[in-house]
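Biologist: Please put the two-chain model up so that we can go through the chains and their contact.

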Amino acid sequence: MILLFEQLLNGLQYGVTLFLLAAGLTLIFGIMGVINLAHGAFYMVGAFAGAWVSIQTGSFWGGLLAGLAASAIVGIVVELGVMRRLYARDHLDQVLATFALILIFNQSTVLIFGRQPLFTSLPEVFSGSIEIIPGLPYPTFRLFVIAVGLAVAVGLYLLINKTRIGMLVRAGASNRQMVRALGVNIQGLYTAIFGLGALLAGLAGVMASPIVSVQVGMGDEIILATFVVVVIGGVGSVKGAFVAGIVLGMCDTMLRAFLPGLLQQAMPGPEAQALGVGISSMGIYLMMALVLLVRPRGLFAAQG
Amino acid sequence: MKREHIILAAVFVVLALVPFAAELTGQASWTRLVGQALIYGMAAASLNFILGYGGMVSFGHAAFFGIGGYVVGIMYHHFDAGTAFLGLIPGTDQMLITLPAAILIAGLAAALVGAMSLRTGGVQFIMITLAFAQMFFFLFISLKTYGGEDGIMVRRTNSLPGLNMRDKATLYWVVLGLAAAYYLFLRRLVQSSFGQIIAGIRQNERRMAAMGISTYRYKLYAFVLSGMGAGLAGALMVNFLRFASPDMMHWSRSGELMIMVILGGVGTLAGPFIGAGVLFTLETTLARYTEHWMLPVGIILLLVVMTSKGGLMALLRRLGGKG
């Protein structure tokens, strides 16, 4: 029971990370209609910049600032340099160009930081753990990650539903041409959204950096799960990204934690282990396939 | 003879002479490189049929490539161990059985994936094909009997009656023959009324539907045919490298196949083969000089995508038009 609760919290924390990545990606998808496979690179940039600065200065918060700044800047540069030329192209060119960006980012990171993973320590304040329910000490940093994710969700909700920029974002997600035709400075909006998306991905990267190992390719692993979240949630819908992110994060963590054990009761140990890991890795993709079969545009599709 | 026929015949003759040239110059690796490039070319060409002619951007094509490969691997595994697959089907090392089996099973997998994926379109189609490919990837990783993450070694190339398939050059010629046959098959397919309908669906699906054509069914047929081609290529690759691994269906492999198609020229017959040859040569050559070969490859790809329309085939045609 305690183990279950702990895994639920871990799932929530992973789900929040997925949401941070998916929120930016779904906005970029929905508003600019561009597929950005390289979104995971911003996550990696954030994690590396954050980890490096926090190792150098010994301050996690300095690393957080650096990670956010680095990912936002890289995002804006990529938008101005590459993405801007791809908006009018078809999905195929976008997939390829951003695939090329992944190669470039990964290899540049190897050149700068090498292949050894970076290890950072937790910030002082959140280095301990507290007992949420009797008998379950839970690391405060993970709770902090959950809190940050939820705060971002609320912030994005307010930004999108209560501000003028948010209005443009919503309008852009439901009908891009119309917004352009109404004379909105769409280029500036695009750059801002792209920068914001990269910033959120960088935030996810910095938040994950003390928990996972910061290494090249870390973005590739999580970006596929993020795409699944975006597609299940419905392209362009931040609400969908939130719901799908949390649900997927929980399901994935639960499957990984408990499926091998369950299978072990039915078949010999090592094979059950391998099969359990395999099936639990397939879980999110299976969910996506099922959701798309029932709702081809995802759960909360913004476009009609 | 038309100019196209002359060029094709000349290219075929040059490719057929590669093993001799390799022996004369002492560059034994040439046969191996060109052979692999040809096989990748087949896989890319099969993808190009749905992507270029049919407008279906499948991001999971490596799954069928890998499945074809695994059919050869698994059949050899059971042949070698003297056991039977699922306790029913005995293994074999006869290419006349393994290749058709690989094509058939890859086709079945494509029918399954296509039947579900083709209900969506656009971005969702790209992502759902990727999702299915990932499922196959993780499925094969979890099969400990067949090597799990390490894959299966196929210690001996499948045998073909009357030929010494352990000879590298013979195997290369078999690959070349099949690649040429596949090229001609695609050429006929594209010109057939079926191919015309597929191209029509790409241009305007609604119009084709209004003309009374069941577009979903035609797209599914095309998807299955394309998956079968990839299965054939995968089966040949496993014979060529004597190794099948889950890496064959990794999502970056699907990306690579797409790159080959784009680089060579979308919706052209020879494009995917040219793209595969160029990308494969680029990768192996750069890998010889630096371990950071992915960086220049990435930059070159980015430049190609951003600056060119129509890939290398368009470039060749422009050169040909002037000269």
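**Surface, fold and contact**

Modeller: Chain A exposes about 12,300 Å², and carbon and sulfur atoms supply 67% of it. Accessible areas come from the Shrake-Rupley method with a 1.4 Å probe, and for residues only the protein chains shown count as cover. This is a predicted model, in which local features need pLDDT of at least 70, side-chain atom pairs count only at pLDDT 80 or more, and totals for chains, interfaces and linings use all residues. Residues are numbered from 1 along each chain as its sequence is written, chains are lettered from A and ligands numbered from 1 in the order in which they are written, and side-chain values use heavy atoms, with hydrogens and water left out.

Biologist: How many helices and strands does chain A have?

Modeller: Helices (H or I, at least four residues) and strands (E, at least two) are DSSP runs, numbered from the N terminus. Along the sequence, chain A reads α-α-α-α-β-β-α-α-α-α-α-α-α. The count for chain A is 11 helices and 2 strands.

Biologist: What radius of gyration does chain A have?

Modeller: The radius is taken over C-alpha atoms, and the globule rule is 2.2 Å times the number of residues to the power 0.38. The C-alpha trace of chain A spans about 60 × 50 × 35 Å along its principal axes. With 304 residues, a compact globule would be near 19 Å, and this agrees with the radius of gyration of chain A, 20 Å.

Biologist: What percentage of the residues in chain B are buried?

Modeller: Buried means under 20% relative accessible area, exposed over 50%, and partly exposed in between (1.4 Å probe, protein chains only). Chain B comes to 14 helices and 4 strands. Of its 323 residues, the buried share is 54%.

Biologist: Which residues of chain A lose the most area to chain B?

Modeller: Contact means heavy atoms within 4.5 Å, and this one takes 43 residues from chain A and 41 residues from chain B. Buried area is the accessible area (1.4 Å probe) that two parts lose on being put together, summed over both. Between chain A and chain B that area is about 4,000 Å², with 83% given by carbon and sulfur atoms. In chain A, 15% of what that side buries comes together from the residues that lose the most, A:Leu92, A:Leu96 and A:Leu293.

Biologist: Is A:Thr120 buried or exposed?

Modeller: A:Thr120 is found in the loop between helix 4 (91-113) and strand 1 (129-133) of chain A. Leaving aside neighbours within four places in sequence, A:Thr120 is in contact with residues including A:Ala51, A:Ile55 and A:Pro210. Because its relative accessible area is 15%, A:Thr120 is buried.

Biologist: Which residues does B:Leu163 touch, not counting residues up to four places away in sequence?

Modeller: B:Leu163 lies in the loop between strand 3 (152-153) and helix 7 (168-191) of chain B. At 41% relative accessibility, B:Leu163 counts as partly exposed. B:Leu163 and B:Val174 are 11 residues apart in sequence and 9.6 Å apart in space, C-alpha to C-alpha. The residues that B:Leu163 touches are B:Thr170 and B:Val174.

Biologist: What phi does B:Arg242 have?

Modeller: B:Arg242 is found in the loop between helix 10 (215-241) and strand 4 (243-244) of chain B. Most residues other than glycine have a negative phi. B:Arg242 is not a glycine, yet its phi is positive, about 55 degrees.
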